Amino acid sequence: MKELLKWSSYERLNCFPSKCNCEPMRIGEVILQPLAVITSIPYSVVGYLTLRKIDKENGDIKLKILAWVFIFQGFASAFLHSSFISYSRYMDWGAIFAIFSWLNALVIFKGKSLRVFLLAWLVLTFIPTYVLSLFKDQFIIIFLVYAGISMYFLRKHMIENKQTKQSMKYLKTALGLLLIGGICFLMDLKRLFCVEEFHLYGHSFWHVLTALSMFQIFNYFLFHQETNLETHEETYIQTF
């Protein structure tokens, strides 16, 4: 077991050890960045909370998939910050791409079968993850491009579905938290948000803020799922 957790025996990320996020590395330890690992936990907590919010009988299986991706994101992020081995990159960023791909597949294949949705979701997740494997040092550009594509489909979803003050509140909060988290992420990379004496690092704030953003974006889609279900039931009653 000790040999399995001996990270130095694996290929490391190109940024290791001094060009990754600015939390100091505990070289030789099983957990290289404790604070980054701890702040990865909110992703899984959000996943658990969102699973609890889904109706057990009428809950959309697609929303359950999204919640499980959130849970996996927590473990993937913790694994990356524990080891900084090359494989961890694809788990962590792959989970991020899986969230965006979920949105894209939901909009593009609206009304299609679950099988079609799942296949599309997996393919759309594989593509940016594979591109990342080809251009390992361009993860920010790849993320921004794919996030931009996803914003287009999110806007399409907004147009195609009736919005209320509540749904827009969920969405604006999610996007605001994502934006602030992104700024913290970039400031950490530039060593502008690294207060070692107080253990304050921009990357850890990125974790917490994006976890909260994920919770709000889930609420947005859950709101529309429940609204569409209620509309369907009202239409059925009127027809009956």
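**Helix packing around α4 and selected local features**

In this predicted model, helix α4 spans residues 86-108, and its 23 residues reach 32 Å from the first C-alpha to the last, close to the 33 Å expected at 1.5 Å a residue. Of the 23 residues of α4, 19 are buried, so the helix is largely enclosed by the rest of the structure. Two of the helices that pack against α4 are α6 and α5, and these two contacts are described in turn.

Two packed helices are described by the angle between their axes and the distance between the axes. For α4 and helix α6 (residues 139-160), the angle is about 25° and the axes lie 9 Å apart. Because angles under 35 degrees count as roughly parallel, α4 and α6 are roughly parallel to each other. The crossing in which α4 passes α6 is left-handed. On the side of α4, the contact is formed by Trp93, Ile96, Phe97, Phe100, Ser101, Leu103, Asn104, Val107 and Ile108, while α6 contributes Phe139, Ile142, Phe143, Tyr146, Ala147, Ile149, Ser150, Met151, Phe153, Leu154, Lys156 and His157. Sorted by class, the residues of this contact between α4 and α6 comprise 16 nonpolar, four polar and one charged.

The packing of α4 with helix α5 (residues 114-134) is described by an angle of about 140° and a distance of 8 Å between the axes. Since only angles over 145 degrees count as roughly antiparallel, α4 and α5 are classed as oblique to each other. The crossing of α4 and α5 is right-handed, whereas that of α4 and α6 is left-handed. Residues of α4 that take part in the contact with α5 are Arg89, Tyr90, Trp93, Gly94, Phe97, Ala98, Ser101, Trp102, Asn104, Ala105 and Leu106, and they meet Phe117, Ala120, Trp121, Leu124, Thr125, Pro128, Thr129, Leu132 and Ser133 of α5. By class, the contact of α4 with α5 divides into 13 nonpolar residues, six polar residues and one charged residue. Trp93, Phe97, Ser101 and Asn104 of α4 are listed in the contact with α6 and also in the contact with α5.

Pro128 is buried, with a relative accessible area of 5%. When residues up to four places away in sequence are not counted, Pro128 touches Phe97, Ile142 and Tyr146; Phe97 belongs to the α4 side of the contact with α6, and Ile142 and Tyr146 belong to the α6 side. Although Pro128 and Phe97 are 31 residues apart in sequence, their C-alpha atoms are 6.9 Å apart in space.

A further helix pair is formed by α2 (residues 41-53) and α3 (residues 61-83), whose axes come within 7 Å and cross at roughly 160°. That angle makes α2 roughly antiparallel to α3, and the crossing of the two helices is left-handed. From α2, the residues Tyr43, Ser44, Val46, Gly47, Tyr48, Thr50 and Leu51 meet Lys64, Ala67, Trp68, Phe70, Ile71, Gln73, Gly74, Phe75 and Ser77 of α3. The contact of α2 with α3 has nine nonpolar residues, six polar residues and one charged residue.

Several local features of the backbone were also noted. Phe84, which is found in the loop between α3 and α4, has a phi near 55°, a positive value in a residue other than glycine. His199, in the loop between β1 (194-195) and β2 (200-201), likewise has a positive phi of about 55° without being a glycine. In the segment before α1 (34-38), where Pro17 is found, a cis peptide bond joins Phe16 and Pro17, with omega at about 5°.

Finally, His203 has its place in helix α8 (residues 202-239) and is buried, with a relative accessible area of 10%. Leaving aside neighbours within four places in sequence, the residues in contact with His203 are Asn21, His81, Cys184, Phe185 and Asp188.

Conventions: Residues are numbered from 1 along each chain as its sequence is written. This is a predicted model: local features need pLDDT of at least 70, side-chain atom pairs count only at pLDDT 80 or more; totals for chains, interfaces and linings use all residues. Side-chain values use heavy atoms; hydrogens and water are left out. Helices (H or I, at least four residues) and strands (E, at least two) are DSSP runs, numbered from the N terminus. The expected span of a helix is 1.5 Å times one less than its number of residues. Buried means under 20% relative accessible area, exposed over 50%, partly exposed in between (1.4 Å probe, protein chains only). Axes are lines fitted to C-alpha atoms, for helices over the stretch in contact, and angles run from 0 to 180 degrees between N-to-C directions. Angles under 35 degrees count as roughly parallel, over 145 as roughly antiparallel, 65 to 115 as roughly perpendicular and the rest as oblique. A crossing is left-handed if the near helix is turned anticlockwise from the far one by less than a right angle, and right-handed if clockwise. Contact means heavy atoms within 4.5 Å. Ala, Val, Leu, Ile, Met, Phe, Trp, Tyr, Cys and Pro count as nonpolar, Asp, Glu, Lys and Arg as charged, and the others, Gly among them, as polar.
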